Amino acid sequence: MDMHEATGLQAHGANDTAAELFGSFQLGDDEFALPASCIREVVNYPAKVTALPLSPAYLEGMFTLRGSVIPVVNLGRLFRADAPRALATDKIAILDFQQVLIGIVFQDTGEILRVPASARSALHYAAGDCHAVIAGTILLDGGARLLQVLDPHALLRIENVPHVLALQATGAKLSTARYHAQSERRQCVSFHAAGATFAFEMLAIQEIIRVPELHSSLLNSELCLGRMHFRGSQVAVVDFGALLQAPGSSSAATLDRRVIVVRLDDTSVGFLVDSVDSIVHFFGDEVLPIPLLSKARATMFAGCITKEGLGDIIFLDHKGILSQAEIVEMRDGHARLYPADSETGAATHKARRRVYITFTVETRFAVEIGQVREIIDFSGAITTPPGMPACMRGMLNLRQQMISIIDLRQLYAMPALPDASSGKILIVERGDERYGFLVDHVDSIMTISDSQRFAAPQIIRTGTHDDLRGEMDEMIDIGTEAQRQTLSVFQCDHLLEKLETALPQAA
């Protein structure tokens, strides 16, 4: 922003001690001013702005700036709903609003003005008038230049100021290193819906499954797509896109769509999402508060997690997604209309159960979730030093730690994956070392009883051919009698022992 005084103010400065500083901004043909005391800084429009569902139309989205989540308000759309969206060439004024940072979009910034009281006038409105965001005017250059003064407090209402300030205070109490040493690393599962990336904490998820057959229900609505049979119960399936009021959320199903089964109090609810992407590790202080400009399902937004390579992830509080009335209606309504096979469900739950990630490397495998540190997309940032064996894709710098990326297809002489960019990388740890196993794709997360786990047949374990399944000594049975599948249980230690021979320098 140019720092100089407005033309003709020197004559007023000697006699007028009530001068105030304002910053000027251009929006279309209009010039606006804001008290300089509330302007933290002016930045260029960021390359990536994340849409925040259930927000008013004038909110362009949000971005992170030096550890704070900044909502981006389009002032033009605040005044007129059909005003154009923001452009990459626009500027954002960062305002300090009730100790919470907010970004206001302008087409261009102007100057810092020292304005005497004689050049300012206040406007008065009837109670509730929407134009009260204009607090007054500034006349300069003998009346040839008019600036409209914005009142930041009338401009916006942030619904969760106490929550934002509380999280900011918590994060400021300890240094990051000390906090991480004293706290427990947590996991969440990221997924796509309504054009944005969200995450549920791992502890909230019962299972992630491919979209099953959905049965019609008398409780069907725009939100509730129907019901599914899940472990002896009738579970309501909610369209997550419809919950976010996203247009076209009930489009035809695709292969990537999944149902995430979440436990809400004593009720299981399935959320239909566009895709499930990654397992993400984080610490509590990495959850940044999101200043919210809408009350619509505000309790579901726990914060924002920003990770290199993953961007901004909207972290959800699963307990705040649905109201208690909605939960009760789905639970009690389906229980009365479609009684669950409680005896079958109870018998199934008696055996010990474990959570597995299922994935494909030509055939399907399952790995206990505790053996996988995280799951990431295949990255073009992998570098391949000379002299590497064929099974070694290369090295990936993942948050300042080098990861050896192993191509399982190459290791076991399988045909190459036609399009590696669609693959996933399972990150595993062994001591201080981390390895990434390149797989075709990750299918689902599911809970499986120990009664479905058994020793692999001897013919698979002792076969003469080099087969990835031959490294695994256990299998699990999944599915129903009509559609049953048997998956090898992927055991990372077995594979890492083989790698000690193939990659002695990485052992």
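This is a chat about a predicted model of a single protein chain.

Q: What about contacts between residues that are at least 6 apart in sequence: what share joins residues at least 24 apart?
A: Among those contacts, 62% do.

Q: OK, the inside now. How many residues are in the largest nonpolar core?
A: It has 93 residues. The ones with the most contacts inside that core are F240, F271 and F490.

Q: Which residues does F240 contact, leaving aside neighbours within four places in sequence?
A: F240 is in contact with F191, A193, F198, F200, F271, L272, V273, M300, L316 and I321. There's also a second, separate core of 12 residues, and V49, I70, V72 and V105 are included in that one.

Q: How many cavities of 30 Å³ or more turn up in a search of the whole structure?
A: The search finds 2 of them.

Q: Which residues line the largest cavity?
A: The lining is made up of L52, P53, L54, S55, L292, L293, S294, A296, A298 and F301. By class, that lining has 8 nonpolar residues, 2 polar ones and no charged ones.

Q: And what lines the second largest cavity?
A: Its lining residues are V361, D407, R409, L417, L438, V439 and D440.

Q: Switching to charges: how many salt bridges does the structure hold?
A: There are 24. In general, side chains of opposite charge can pair when their charged atoms come close.

Q: Give me one. Which residue forms a salt bridge with E326?
A: That's R297, and the closest N and O atoms of the two are 2.9 Å apart. E326 lies in helix α7 and R297 in the loop between β19 and β20, so the pair ties together parts that are 29 residues apart in sequence.

Q: Is R297 buried or partly exposed?
A: R297 is partly exposed, with a relative accessible area of 25%.

Q: What does R364 pair with?
A: The side chain of R364 meets that of D443 in a salt bridge, at 3.3 Å from N to O. R364 lies in strand β23 and D443 in strand β29, so this pair ties together parts that are 79 residues apart in sequence. D443 counts as buried, at 4% relative accessibility.

Q: And R453, what's its partner?
A: R453 forms a salt bridge with E474, with the closest N and O atoms 2.5 Å apart. R453 lies in strand β30 and E474 in strand β31, so they tie together parts 21 residues apart in sequence. R453 counts as buried at 16% relative accessibility, while E474 counts as partly exposed at 24%.

Q: Which residues are linked with those two in a network of salt bridges?
A: The network links R354, E368 and D450 with R453 and E474.

Q: Let's look at loops. Where does A36 lie?
A: A36 lies in the loop between β2 and β3. Not counting residues up to four places away in sequence, A36 touches L21, F22 and G23. The C-alpha atoms of A36 and G23 are separated by 5.4 Å, though the two residues are 13 apart along the chain.

Q: What's the phi of R66?
A: R66 has a positive phi of about 50°, although it is not a glycine. Most residues other than glycine have a negative phi.

Q: Where is R66, and is it buried or exposed?
A: R66 lies in the loop between β4 and β5. At 64% relative accessibility, R66 counts as exposed.

Q: And what's the phi of A194?
A: A194 is not a glycine, yet it has a positive phi of about 55°. A194 lies in the loop between β12 and β13, and it counts as partly exposed at 33% relative accessibility.

Key: Residues numbered from 1 in each chain as written. Predicted model: local features only at pLDDT ≥ 70, side-chain atom pairs only at ≥ 80, totals over all residues. Heavy atoms only, no water. Core = buried A, V, L, I, M, F, W, Y, C linked by side-chain atoms within 4.5 Å. Buried < 20%, exposed > 50% of the residue type's maximum accessible area, 1.4 Å probe, protein only. Contact = heavy atoms within 4.5 Å. 1 Å grid on protein atoms, 1.4 Å probe; cavity = no way out; pocket = protein on both sides within 12 Å on 5 of 7 lines; lining within 4 Å. Points joined across faces, edges and corners; volume = space filled by probe spheres on them. Nonpolar A, V, L, I, M, F, W, Y, C, P; charged D, E, K, R; others polar. Salt bridge = Lys/Arg side-chain N within 4 Å of Asp/Glu carboxyl O. Helix = DSSP H or I, 4+ residues; strand = E, 2+ residues; numbered from the N terminus.
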